[in-house]
Amino acid sequence: MKKKRAETLEDAVANVEDGATVLLGGFGGTSVPEFLIDGVCDRGLRELTIVSNNAGNGRTGLARMIEEGCVAKLICTFPWAKDSFVFKELYDAGKIELEIVPQGTLAERMRTAGAGLGGFLTQTAVGTDLAEGKQALTIDGKDYILELPLRADMALIKAYKVDPRGNLVYRKSARNFSPIMAMAADHTIVEVAEEVAIGDLDPEVIITPGVFVDRYFITGPYDLGRGKR
Amino acid sequence: MSAQINRLTPHLLTRGQIAACVAADLEEDWLVNLGIGMPTLIPEYIPPGRDVMFHSENGIIGMGPPPAPGEEDQDLISAGKGLVTLIPGGAYVNHTDSFAIARGGRLDCAVLGAFQVAANGDLCNWRLPNQTSGSVGGAMDIAVGAKRVFVTMSHTTREGDAKIVAERTYPLTAGGVVTKIYTDMAVIAVTPDGLVLEAIAPGLTADDVQAATGAPLDSANVGTISVAA
């Protein structure tokens with residue numbers, strides 16, 4: 001059986017390269033893979049394209065990545081939160097590119113990539129600024145735009161429990177984008193609080209099967225729902 | 001105009017009173033998505049015993065009120081990033097399933113804020129005209145998918161300009177989707193025949209509301225909003 005467990009943080013993120021497109025888990029303060037992000041920052045990587053719902057909060061996580069100059073482009077849904085001041089400063093200075101995508105479209109573009117499809121049609125954003133440059137189609141009298149898959153080199157996500165095959169379960173609303181991102185990347189790296197033995201995860205409740213997981217790093221027990229800080 | 005608003009201010013509904021108006025119209029067994037801001041006040045005004053379920057686009061079906069002190073869990077947040085709970089019988093889903101619920105027509109209602117609403121139901125709530133970029137979040141997906149879109153907002157801008165207009169001048173979120181508008185002055189239905197003034201705040205007249213509205217209102221059957229003393 002392939003060993004998916006990385007013993008060190010450095011080892012876990014060793015495959016992330018300059019210029020990579022990286023799907024980054026996280027919705028607000030939940031499910032942000034802060035250990036993996038710190039690992040990427042410590043490597044001083046450059047020119048990353050980051051896909052994330054938010055544009056970083058405070059000065060940790062994605063905000064640290066942005067502040068340290070790792071990120072050339074951000075693809076996200078909600079960049080202008082009050083605590084995304086690090087992103088705003090670099091954006092205003094013209095130092096980071098931004099692509100805004102509606103949240104459901106962002107999720108479905110990743111799912112489509114993971115499912116090996118060539119795109120999908122959605123009514124979301126029809127007639128809006130965000131439909132500019134996109135192919136329009138009318139089917140059964142309804143207007144749609146064509147959205148293309150969003151595939152990435154890497155996904156960095158956070159989960160609650162893992163077994164040695166890489167099967168994952170998440171916790172409460174900290175699931176959100178993570179299972180989709182795991183599907184949509186060539187290489188998926190997970191930070192996870194707890195490792196259990198094979199057979200200890202109920203197969204009926206595994207959310208992400210290990211086929212979508214390449215590496216995982218155990219962050220160790222921490223207060224549930226508290227994150228790294 | 002602003003002088004007129006000042007004169008009327010004692011008669012304007014509070015945010016809580018607007019939320020109560022919406023809550024009265026949410027029906028048993030509906031699944032409802034609440035936007036950020038004023039809509040989050042609505043659950044506390046749902047009449048006891050009426051089973052209305054709330055959807056949060058970050059993957060919660062059956063979102064409950066904020067947690068009691070000591071029960072906070074950072075892994076359980078709303079789309080607005082506030083701490084919440086899950087009601088008994090609630091469920092967590094991933095982001096694509098959450099937006100399948102929205103676009104797939106399973107939301108009986110979405111209650112969203114707005115910068116501007118046009119007489120044809122065009123919703124503008126994601127970007128101001130003078131901004132180069134906005135935070136779209138899930139607004140476009142939810143607005144096109146929900147069976148009904150209720151808007152809560154102040155009736156006019158702070159400068160006294162109408163926010164309900166004959167034709168939109170702001171960037172579009174979704175075309176022709178708004179079905180009802182709840183403001184601090186009135187409740188207005190959007191119909192194929194135009195805007196229908198259903199009810200007005202106590203102390204105001206239909207003429208007061210029309211003067212603050214940028215499109216014709218049919219006030220043939222107008223009633224008065226009943227507010228708690």
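These legends describe views of a predicted model, covering chain B and its interface with chain A.

**View 1. Chain B as a whole.** Chain B is built from five helices and 14 strands. Along the principal axes, its C-alpha atoms fill a box of roughly 45 × 40 × 30 Å. A compact globule of 229 residues would have a radius of gyration near 17 Å, and the 18 Å of chain B agrees with this.

**View 2. The inside of chain B.** Of the 229 residues in chain B, 55% count as buried. Consider the contacts in this chain between residues at least 6 apart in sequence: 61% of them join residues at least 24 apart.

**View 3. The contact between chain B and chain A.** Chain B gives 35 residues to the contact, and chain A gives 41 residues. About 3000 Å² is buried between the two chains, with carbon and sulfur atoms giving 57% of that area. On the side of chain B, the residues that lose the most area to chain A are B:Asp75, B:His95 and B:Thr96, which together make up 21% of what that side buries.

View 4. Five salt bridges are counted between chain B and chain A. One of them pairs B:Arg127 with A:Asp129, where the closest N and O atoms are 2.3 Å apart.

**View 5. The side of chain B that touches chain A.** Helix H3 (95-103) and helix H4 (139-145) of chain B are the elements that give two or more residues to this side. H3(B) provides the largest share, four residues. By class, the side has 14 nonpolar, 13 polar and eight charged residues.

Key
Residues are numbered from 1 along each chain as its sequence is written. Chains are lettered from A and ligands numbered from 1 in the order in which they are written. This is a predicted model: local features need pLDDT of at least 70, side-chain atom pairs count only at pLDDT 80 or more; totals for chains, interfaces and linings use all residues. Side-chain values use heavy atoms; hydrogens and water are left out. Contact means heavy atoms within 4.5 Å. Buried area is the accessible area (1.4 Å probe) that two parts lose on being put together, summed over both. A salt bridge is a side-chain nitrogen of Lys or Arg within 4 Å of a carboxyl oxygen of Asp or Glu. Ala, Val, Leu, Ile, Met, Phe, Trp, Tyr, Cys and Pro count as nonpolar, Asp, Glu, Lys and Arg as charged, and the others, Gly among them, as polar. The radius of gyration is taken over C-alpha atoms; the globule rule is 2.2 Å times the number of residues to the power 0.38. Buried means under 20% relative accessible area, exposed over 50%, partly exposed in between (1.4 Å probe, protein chains only).
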